[in-house]
Amino acid sequence: MSVATQKEGFVEAPGGRVWYRIAGDGPGVPLLILHGGPGAGHDYLEPLEALGDERPVVFYDQLGCGKSDIPDDLSLWTMERFVREVDSVRKALGLEKVHILGQSWGGWMAIEYLLGKPAGVASVVLANTSASAAGFAREAAKLVAGLPEDTQETIRRCEAEGKFDDPMYQVATFAFYQKHLCRLPMPWPDAILRTIQNTEKTPVYGYMWGPSEFTMTGTLGSWDRSGRLGEIKIPTLVLSGEYDEAQPPLQEELRDGIPGAEMVILEDASHLAHFEQTEKYLSAVRDFLKRVEAPV
């Protein structure tokens, strides 16, 4: 269903202004969305607006992407600053009690944020993510090894030569994306295309992540919270797709490491499962949030 936007604007965060939008005004506890990338912006998560019939759904573009400020200062692109940004958004918008949904890199942010024991977080949905950069890279490498040999050879050659702008590398990369990022037929929905544009115009993705989804050369390479998952003590839903670049073993690690965590793996879906299996995805989130909020 369509949910009218209730409010949008800017809030001050460490390093600059970030843009936000609140969709829906349902009576439930607000759901704060942490988008992926890093640097992707909120656009590709727009299908989650449908949850606004039951609760406010709060989107924001993290600093450095989308409609938010894009400062020319590499020192801003740290996990610590992005985590402090979450607190800034919550405080500015009066989100004293909130659910959090972190998708992909946003899931890493959510984990890091929760390890700081913030008050007022009712639950978390960790969508299409992992507990470490090394785990993600390991599973992505396995998926690359499943591509046709000529595609693999193009990837190996271009990466060895640093030719990430080579048209052949772009074609090879897209072959991976069509299997493990978004399995929808072309042309992809406009919200996804806007996200690709966001990622291309920001320095954040290349600096923190790397030249492609399966090649991590950025500052996040050492991030690992797999040994601290047991510190997360709130209701947790682990949600992903069968063909996700964040493969099912990564989801099992999250489920097994977080006490009481639940897991849903959607069939015939990948990293953008909320586009490929929209109703099943939204139903899983709705059901989880309702159970969290149900009177004891």
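Contact here means heavy atoms within 4.5 Å. This is a predicted model, where local features need pLDDT of at least 70, side-chain atom pairs count only at pLDDT 80 or more, and totals for chains, interfaces and linings use all residues. Residues are numbered from 1 along each chain as its sequence is written, and side-chain values use heavy atoms, with hydrogens and water left out.

**View A. Around Y281.** Leaving aside residues up to four places away in sequence, Y281 touches L48, L101, A127, N128, L239, L266, A273 and H274.

**View B. The largest nonpolar core.** A nonpolar core is a set of buried Ala, Val, Leu, Ile, Met, Phe, Trp, Tyr and Cys residues joined through side-chain atoms within 4.5 Å; buried means under 20% relative accessible area (1.4 Å probe, protein chains only). The largest one has 93 residues, and Y281 is among those with the most contacts inside it, along with L32, Y60, I100, L101 and W108. Helices are DSSP runs of H or I, at least four residues, and strands are runs of E, at least two, numbered from the N terminus.

**View C. Two cis peptide bonds.** One joins G37 and P38, with omega about -5°; P38 sits in the loop between strand 3 (31–34) and strand 4 (57–60). Another joins M186 and P187, with omega about 0°, and P187 lies between helix 5 (167–180) and helix 6 (190–201), in the loop.

View D. S104, in the loop between strand 5 (98–103) and helix 2, has a phi of about 60° despite not being a glycine. S104 is buried, at 7% relative accessibility. N128 has phi near 55° and is buried too, at 0%.

Notes. Buried < 20%, exposed > 50% of the residue type's maximum accessible area, 1.4 Å probe, protein only.
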